[in-house]
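Hi everyone, thanks for coming. Could you please bring up the sequence and the structure, so that we can walk through them together?

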Amino acid sequence: MLLFLLACKTDPAAECPYGDPPPSGAPDESTGVVVVGAGPAGLAAAWELEQAGTSYLLFEREDTVGGAAVWAGGNILFAGSPEQATAGVTDSPATLLAEWQEMTGGDPTAPWVQAWANNAVPDVHDWLAGMGLTFSLSEILPEGGSVPRIHRTDGEGQGIVDAIASELDSSRTHLGRELVGLVCDGGRVAGARWREGTTEGWTSADSVVMATGGFLRDLDRVREERPAWADVSLYQSSSPLADGAGLALIEAAGGATTHLGAVGLYAHGTPDYRQPGTDAELLLIDLSDTLWVDSSGARFLDESRVVSFEAGSTVAALSGGSAWILWDADVDLAIRDPLVE
């Protein structure tokens, strides 16, 4: 989920380093804020704007709202939730932060980690619950944590989308409208050019929020951001919509990006035999009941931690960037198509 705000101080005499000059003629429409992308980030931004009484328009290139979330399982990590309390699980933001380094390899003092640990229950869980979304606590231990923290949303990713979208004024959402450029005027981003079917137009705005930019389907960019994966065979179970088009538009407009290398790699799939020569993946379920060995037959990983970024990075670093998985006849190992799921 990516969120960028493109706006700068107005300077009538300034050059326009940001995007395109205003098209000739009056804009097709004007608004306070243009929000690009109707996934959870864009829907949440639209919700905030409605609550603030700010005029806005929401652009989505697809024919439905949801973005990559409709391809996602809708699992969210919370520490200290009502569902944990009901299940008799004792947890807190402090406990999560104490385990963060071991769980993820990340820095528990990072501002976003601190904010999520301390505020996710009131700001995200309770916010979504107030819209009618329900959660169930998964028994799966997240990334090796001491207690269950993964919460499954009713309706998976689509459930999250439906909950937020139901709170919005649908007349402000333009489906099938693709952003083709950002407009600069007086030294600031002042609107957006778009295409809707065969019609092209532009909308003037005080600010533009780019709530789009997922790029996991652009494996060239992924490898550029993570050079250690340059020679690793990468396979896809992410949304087909995550093509990085939003990032390309931000960069073309002179926008800055950070933390693009914060990409997690799982080792939980195998090439889809039905689509040879492609990066399509089949997902393996219940891998913790298997034995993992490298190409020499040596065991190299604690299998209780296979559902983690640690496992993905470890496998990627092996000779050939792959591992062999062995299991007994009584292990119920399922193989699924993640995009059909």
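Before that, some ground rules. This is a predicted model, so to speak of local features we need pLDDT of at least 70, and side-chain atom pairs count only at pLDDT 80 or more, while totals for chains, interfaces and linings use all residues. Residues are numbered from 1 along each chain as its sequence is written, and side-chain values use heavy atoms, with hydrogens and water left out.

Let's start with strand E12, residues 281-285. When I say strand or helix, I mean a DSSP run, numbered from the N terminus: helices (H or I) have at least four residues and strands (E) at least two. Is E12 mostly covered or mostly open? Mostly covered: four of its five residues are buried. Buried here means under 20% relative accessible area, exposed means over 50%, and partly exposed is in between, using a 1.4 Å probe and protein chains only.

Which strands does E12 pair with? On one hand there is strand E11, residues 269-271, joined to E12 by three bridges and running antiparallel to it. Two strands pair if DSSP finds at least two bridges between them. If you'd like a position to look at, Thr270 has Leu282 in E12 as its bridge partner. On the other hand there is E15, also antiparallel to E12 and linked to it by three bridges. Here you can look at Ile285, whose bridge partner in E15 is Ala334.

Now follow the chain out of E12. The loop between E12 and strand E13 (291-293) holds Asp286. Its phi is near 70°, a positive value in a residue other than glycine. Asp286 is partly exposed, with a relative accessible area of 40%.

Asp286 also brings us to the surface patches. Together with Asp289, Asp328, Asp330 and Asp332, Asp286 makes up a patch of negative charge on the surface. Patches are made of residues with over 30% relative accessible area and no salt bridge; like charges are joined within 9 Å, and nonpolar side chains (Val, Leu, Ile, Met, Phe, Trp, Tyr) within 5 Å. As for charge, Lys and Arg count as positive and Asp and Glu as negative, with His and the chain ends not counted. The place of a charge is taken as NZ of Lys, CZ of Arg, CG of Asp or CD of Glu. One member, Asp330, sits in the loop between strand E14 (324-326) and strand E15 (334-336). With a relative accessible area of 69%, Asp330 is exposed.

There is a nonpolar patch on the surface as well, formed by Tyr266, Val307 and Phe309, which together have about 270 Å² of accessible area. Accessible areas come from the Shrake-Rupley method with a 1.4 Å probe, and for residues only the protein chains shown count as cover. Phe309 belongs to helix H8, residues 309-316, and counts as partly exposed at 34% relative accessibility.

On to salt bridges. How many are there? The count comes to 14, where a salt bridge is a side-chain nitrogen of Lys or Arg within 4 Å of a carboxyl oxygen of Asp or Glu. One of them joins Arg177 and Glu196, with the closest N and O atoms 2.8 Å apart. Arg177 lies in strand E8 (residues 177-185) and Glu196 in strand E9 (residues 188-196), so this pair ties together parts that are 19 residues apart in sequence. Arg177 is buried, at 5% relative accessibility, whereas Glu196 is partly exposed, at 30%. Glu29 comes in too: salt bridges with shared partners join Glu29, Arg177 and Glu196 into one network.

Two other pairs to look up are Glu62 with Arg61, at 3.4 Å between the closest N and O atoms, and Arg172 with Asp169, at 3.6 Å from N to O.

Finally, a few single residues. Glu156, in helix H5 (residues 156-165), has a positive phi of about 55° although it is not a glycine. Glu156 is partly exposed, at 43% relative accessibility. And Arg152 is part of strand E6, residues 150-153.
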